[in-house]
Amino acid sequence: MPQQLKWFILFIIVGIVIVVLINRYMPERADTIYINCHIYTMDANNTIAEAMAIEGDKIVGIGTDEYIKRKFKSNKIINLVGKTILPGLIDAHCHLLGLGLARMTVDLFGTHSEKEVAERIAQRVAVSKPEQWIRGSGWDQNEWLTKSFPSHKLLDRIAQNNPVYLVRIDGHACWVNKRALEIAGVNRQTSDVPGGKIVRDASGEPTGVFIDAAMELIYKFVPEPNEQEMREAMRLATEECASVGLTSVQEMGVDEKQIELYKKLIDENKFPLRVYAAIDGPGELWNKMKREGKLIGYGNNKLTIRALKIYIDGALGSRGAALIEPYSDDPNNRGLTMLSEEKLQKLVDESLDYGFQVCTHAIGDRANNIILNVYESALKKHQLPSARLRVEHAQVLSPDDIPRFKQLGIIPSMQPTHCTSDMYWAETRLGSKRIRGAYAWRSLLNTGVVIPAGSDFPVESANPFFGIYAACTRQDKNGIPNNIDDMRKYFRSSTNDYSDTAAFANGWYSSEKMTREEAVRGFTTWAAYASFEENLKGSLERGKLADFVVISKDIFRCPIIEIPAIQVESTVLGGKVVLRH
Ligand SMILES: [Zn+2]
């Protein structure tokens with residue numbers, strides 16, 4: 001070997017040794033180091049870490065205090081005195097603009113009678129100009145003594161000169177007054193709309209309640225919010241998300257105006273949240289997206305658009321969910337479907353051709369059966385094992401359909417608080433047999449699927465700790481039902497004699513509960529998987545986004561009943577604190 005080559009090799013070896021030593025003993029720089037924490041990383045091994053180093057918007061190191069202190073140096077070291085940290089929570093199904101607008105309209109959540117609704121509307125009428133539309137949302141006739149749909153007459157008494165448009169809690173029905181009916185030109189001659197229903201009295205006169213597609217008859221006359229109102233709505237919605245620990249949301253149905261607003265707010269650095277958005281149904285925007293292609297990670301991973309949202313049926317509360325057998329409490333009604341199977345098939349095929357995920361709203365067992373069939377035939381044609389097609393809600397499933405999710409690689413995207421809100425009356429709609437396939441989380445998990453969890457806010461509260469609690473208890477916040485006596489006292493069912501006492505021990509059909517770990521995964525890693533973002537978020541690991549929350553209690557060790565009371569002390573998005581209480 002020539003002398004020069006020997007020297008060269010020696011030089012290289014010494015160089016490598018120096019680099020290795022520097023790497024081993026010279027600390028790396030980090031913007032911020034968090035020490036003395038109790039970090040549930042939610043990685044594959046459920047590692048619990050003590051410290052975390054953040055550079056830019058990413059985690060560059062996570063592990064023990066000793067390791068992080070040795071490995072990193074920073075001008076900013078934050079001692080969290082043993083506080084619990086979770087990955088930033090992800091809501092896998094929600095309506096962000098809907099939340100903001102709901103906060104700007106009359107809040108009817110938690111009203112216990114028609115009269116109470118009327119009182120809140122009257123207050124708004126008093127401060128509104130004549131002819132100005134009064135909007136509200138959150139009423140639920142199931143919470144009233146009458147249990148039946150209201151009529152326009154009560155609203156007419158308090159609002160003669162203001163059209164009133166009040167959306168039901170599930171967004172699948174509206175209740176309007178006479179002035180609104182006049183403006184929309186709706187009367188007894190108006191014929192029903194496919195996929196919707198005009199509720200009428202005995203003489204055929206519209207009562208003022210419109211279900212699903214029929215809502216549009218009125219809604220098209222409600223003035224759209226202007227840009228300033230939309231900005232205000234987004235400010236309220238994103239602040240609310242940060243305050244409950246959400247760092248990412250998956251928005252099920254956006255239009256073009258919304259997307260433009262998101263981009264503007266992101267460019268102006270006024271958007272403290274990450275959004276994975278599904279386009280609201282086929283139409284102009286869908287055609288545009290087909291031309292332009294998907295949008296991934298706009299503005300440092302703040303906005304991704306790569307999914308299409310489709311509706312098959314309505315909701316259970318308003319009996320719009322499509323069932324195989326008639327409703328147990330409405331023998332002539334099997335619910336509504338909004339799209340023919342052929343149209344659905346065409347849309348799903350098209351989405352896969354263009355590389356878009358499909359998120360299909362399906363509540364009833366018939367709707368779920370239809371979409372599973374459509375997905376199955378589309379997947380056969382396209383041979384895409386990782387299309388991650390989603391069924392939104394997957395609320396009522398026939399037993400044969402439960403294993404098909406895993407077999408076909410389809411994701412059931414579910415909302416735990418829907419279960420605990422609906423449980424008081426769901427069985428009257430479905431009967432004691434079908435109810436076994438409703439909100440059937442454990443049956444699904446046992447087949448090997450993951451369940452991304454959401455709230456469907458503003459239908460339910462945006463607080464993910466309510467969802468985690470609902471998922472692992474199947475009880476309301478007072479711990480009801482805890483036994484069979486609670487069922488007899490608080491729940492209504494004409495088809496169940498409640499002889500299966502075990503079904504209600506420690507929760508409503510308690511064998512379908514999730515574990516705490518599964519419930520937290522629903523709002524973290526599983527939600528990230530549902531949006532193809534598991535390499536970016538959902539767990540706290542080196543290289544992933546520094547999205548995390550500091551919470552007031554150890555969620556895995558506190559008494560289960562305390563979970564809904566967990567407070568978010570700070571929310572960190574991409575290494576930046578966006579909320580501190
Ligand atoms: Zn929804």
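**Strands, burial and core in a predicted model**

Q: What makes β17, helix α9 and β18 a right-handed β-α-β unit?
A: β17, helix α9 (residues 256-267) and β18 make a β-α-β unit that is right-handed. The term applies because, with the strands pointing away from the viewer, the path from the first strand over the helix to the second runs clockwise. Helices (H or I, at least four residues) and strands (E, at least two) are DSSP runs, numbered from the N terminus.

This is a predicted model: local features need pLDDT of at least 70, side-chain atom pairs count only at pLDDT 80 or more, and totals for chains, interfaces and linings use all residues. Residues are numbered from 1 along each chain as its sequence is written.

Q: How do you know that β17 and β18 pair?
A: Two strands pair if DSSP finds at least two bridges between them. Six bridges join β17 to strand β18 (residues 274-280), and the two run parallel. Gln-250 stands opposite Tyr-276 in β18.

Q: Which strand pairs with β17 over four bridges?
A: Strand β10 (residues 89-94) does, in the parallel sense. Ile-90 has Ser-248 in β17 as its bridge partner.

Q: Why is β17 called largely enclosed?
A: A residue is buried if 20 or more other C-beta atoms lie within 10 Å of its own, exposed if 12 or fewer, and partly exposed in between, with C-beta atoms placed from the backbone. Nine of the nine residues of β17 (residues 246-254) are buried, so the rest of the structure largely encloses this strand.

Q: What joins β9 to β3 and to β24?
A: Two bridges join strand β3 (residues 38-40) to strand β9 (residues 84-87), in parallel. Four bridges join β9 to strand β24 (residues 548-551), antiparallel. Ile-85 in β9 stands opposite Ile-39, and Val-550 is the bridge partner of Ile-85 in β24.

Q: What makes a nonpolar core, and which residues have the most contacts inside the largest one?
A: A nonpolar core is a set of buried Ala, Val, Leu, Ile, Met, Phe, Trp, Tyr and Cys residues joined through C-beta atoms within 7 Å. The largest has 172 residues, and Met-52, Cys-174, Phe-210 and Ile-312 have the most contacts inside it.

Q: What does Met-52 touch?
A: Contact requires C-beta atoms, placed from the backbone, within 7 Å. Not counting residues up to four places away in sequence, Met-52 touches Tyr-34, Ile-39, Ile-59, Ile-62, Ile-68 and Leu-540.

Q: Which residues of helix α16 are buried?
A: In α16 (residues 426-434), they are Ala-426, Glu-427, Thr-428, Arg-429, Leu-430 and Arg-434. Their cover includes α13 (365-382) and α15 (416-422).

Conventions
Contact = placed C-beta atoms within 7 Å.
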